[in-house]
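Thanks for asking me to look this one over. Here are my notes, written with the model open beside me.

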Amino acid sequence: MSAQKMEFKTEVKQLLDLMIHSLYSHKEIFLRELISNASDAIDKARYEALTDNALLEGSGDWKIRITPDRNTGTLMLSDNGTGMTKEEVIEALGTIAHSGTKEFLKALQQKDVRDNPELIGQFGVGFYSSFMVADKVTVISRKAGMPGSTGVKWESTADGAFTVEDIGKEHKGTDVILHLKDEEKKYLETWEIKNIVRKYSDYIEHPVVMDVEREVDSAIEKGKKVKVTEEETLNSRKAIWLKNKSEISQDEYNEFYRHISHDFADPLKTVHYKAEGTSEFTALLYIPSKAPFNIFYKDFRMGPILYVKRVQIMDHCEDLLPLYLRFVKGVVDSSDLPLNISREILQSNRQVEIIKKSVTKQILDTLNDMKEHEYDTYFNFYSEFGRIVKEGVHFDVARKEQIADLLLFPSTKTEKGTLTTLQKYTDSMKEGQDDIYYITGVSVDEALSSPYLEAFRAKDYEVLIMLDEVDDIIMGGLEYKGKHLKSVTRGDIKLDKTDDSDRKKAEETYGKILEFIKDQLKEEVKDVRMSSRLKDSACCLVGDEGDIDPQMQKIFKAMGQDVPPHKRILEINPLHPVIEAMQVIFNKDNSNPVLGEYARLLYDQAVLLEGSKLKDPAAFAKSVAKLMADNAKRVIAL
Ligand code: ADP
């Protein structure tokens, strides 16, 4: 069969173009990428062979072989892993843009990456990085477990297209053959290859081997040297997580992090420990310094890589971490789990539960430690991941308070740009203050100018400001050290006992006008009452305890969820002169049309103050303009 020519997908074309024309630094990483692919292919074959022995094709002697050939100017990387069918080759090396590719292209759009090309070397750019050093790449592959079937040959010169054709291949696995560019022939040198493998791929579990020529003493002729070629394993193969902490430099930790995370930045924190006792396992975990762009997407894959006695079982084991720590990357290697564990069994496995508990504790303790001793680092962490950690307050009942201690908030008393904690808040609560108060908003400035805060300010109570969309749902139900968190816009807030009697008095004094306003607005609100939270503003809208904030309602609506419209409660400030004025007019002539107009204006103001839209802005504008004209006439008459 002749070769079939196919086009690369646009994103792949873009990537190849960059590889060839723009990237000049750290070209040697192509070898790391190819070794990593070969190692993945072996992991896959070995794992699948646990349940299907035929895949071994008689040999479990896993190996990655590097073969430089000076005569042809080619460098070949071979593995005896899972291999690919023709369809898989077409998908994997031409038509599908991998998440790595997408992230790489995205990273390149960021200025700090463009200005620092050395960062690119830290990025997982995959198979296509071969084209940094080769002008032609040939891949020959045959799927494991199908001896006798034909293999496939893929070839490209990165000119926008590639070819595929059937070809015979005796051994399972994949050969990647790089036809090196003239100026890149140094990658055929033994010492160069050895250095790169040691630098980037030392911890790869499978042997990376190469035939190396050495001079040895001749066995026949004494004193004479002869050349022999021997297979040499170039990597130490020691899994980094199984080494002692004292043997590992931070640079090595970082390199391994970049290898598993495809992140181009260093991690913020590394957590490495061994657990013994009821469960034996080693965990090497990382807290990244930046949130990946897709962390809030559904397809985000969380969880560390799971190994059982150094055999990779799963590349993302989500059962090992709670969802609110989904940003944590790393490796867990267990000695207790069975090798052939399936996803279903994992979910109900006691060992997995023990590991999850331990890992969660370690990460939370690390975060707490960071908060106490390296606040600036923690502040960075919190700006990236605070919103995710916060979910734990809602979902992890047992650790609610511990997680709540990790949260940071601006408040009515923090200085611009600084944040407080619940601990600090409760430490400085005023005499007689029973609850922790918060207000939600879209910005600190907007929240600070809210009329809902007037009475709290007058009493010198601190109010936390919550800016995340999820805050109201999560924080509303929280109890911290025996104190409830209460939204200042909700419920019947009584700031002290005298408030209540003052309010009752006010309701008696203004009873009639209150009834009148209630009647006028019966379609819009469920109640009108005197307020004890207002000091300067005339009125505001509040919810009942348990109602959702208007902001939250908007979010639900935007997500396409129908929320029944909650009628709100209008609170009126009895100290405001407008109420007294309305009462006087009412006593004189309770059918004066001005009263109805004022009631509506009070309501409209309150709607604007809570940040919502008016139903009939034109009517509001008309009323205000009329009031201005009336007032102007009065001023002129004076
Ligand atoms: P990534 O490894 O990040 O998925 P690559 O571009 O390096 O991206 O590789 C693309 C895909 O090609 C891999 O996901 C894998 O399916 C396949 N592949 C690459 N190299 C090999 C190999 N040596 N053996 C089997 N499959 C491979």
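The points below go through the ligand site, one serine and some salt bridges.

1. A word on provenance to begin with: this is a predicted model, so please read the distances that follow as computed values.

2. The ligand has eleven residues around it, and the closest are N37, D79, A92, G126 and F127. By class, that shell holds six nonpolar, four polar and one charged residues. Helix 2 (29-49) and helix 3 (86-95) each contribute at least two of the shell residues. Helix 2 gives the largest share, with three residues.

3. Which polar atoms would I look at in the site? The side chain of N37 places an N or O atom 2.8 Å from an oxygen atom of the ligand. For D79, a side-chain N or O atom is 2.9 Å from a ligand nitrogen atom. F127 takes part through its backbone, where an N or O atom lies 2.8 Å from an oxygen atom of the ligand. Taken alone, the ligand exposes 530 Å², and the protein buries 77% of that.

4. Leaving aside residues up to four places away in sequence, S156 touches F8, F131, D135, K136, V137, A161 and F162.

5. On salt bridges, a search of the whole structure finds 44. In one of them, the side chains of E231 and K63 meet at 2.9 Å, N to O. E231 belongs to strand 9 (residues 225-233) and K63 to the loop between helix 2 and strand 2 (64-69), so this pair ties together parts 168 residues apart in sequence.

6. K486 and D435 form another salt bridge, at 3.5 Å from N to O. The pair links distant parts of the chain, 51 residues apart: K486 is in strand 18 (residues 483-487), and D435 is in the loop between helix 13 (422-427) and strand 15 (436-440). K486 is partly exposed at 25% relative accessibility, whereas D435 is buried at 14%.

7. Finally, salt bridges that share partners join R32, E33, E255, R258 and D266 into one network.

Methods: Residues are numbered from 1 along each chain as its sequence is written. This is a predicted model: local features need pLDDT of at least 70, side-chain atom pairs count only at pLDDT 80 or more; totals for chains, interfaces and linings use all residues. Side-chain values use heavy atoms; hydrogens and water are left out. A residue is near a molecule or strand if one of its heavy atoms lies within 4 Å of it. A polar contact is a pair of N or O atoms within 3.5 Å; within protein, one must be able to donate a hydrogen and the other to accept it, and residues adjacent in sequence count only if both atoms are side-chain atoms. Accessible areas come from the Shrake-Rupley method with a 1.4 Å probe; for residues, only the protein chains shown count as cover. Helices (H or I, at least four residues) and strands (E, at least two) are DSSP runs, numbered from the N terminus. Ala, Val, Leu, Ile, Met, Phe, Trp, Tyr, Cys and Pro count as nonpolar, Asp, Glu, Lys and Arg as charged, and the others, Gly among them, as polar. Contact means heavy atoms within 4.5 Å. A salt bridge is a side-chain nitrogen of Lys or Arg within 4 Å of a carboxyl oxygen of Asp or Glu. Buried means under 20% relative accessible area, exposed over 50%, partly exposed in between (1.4 Å probe, protein chains only).
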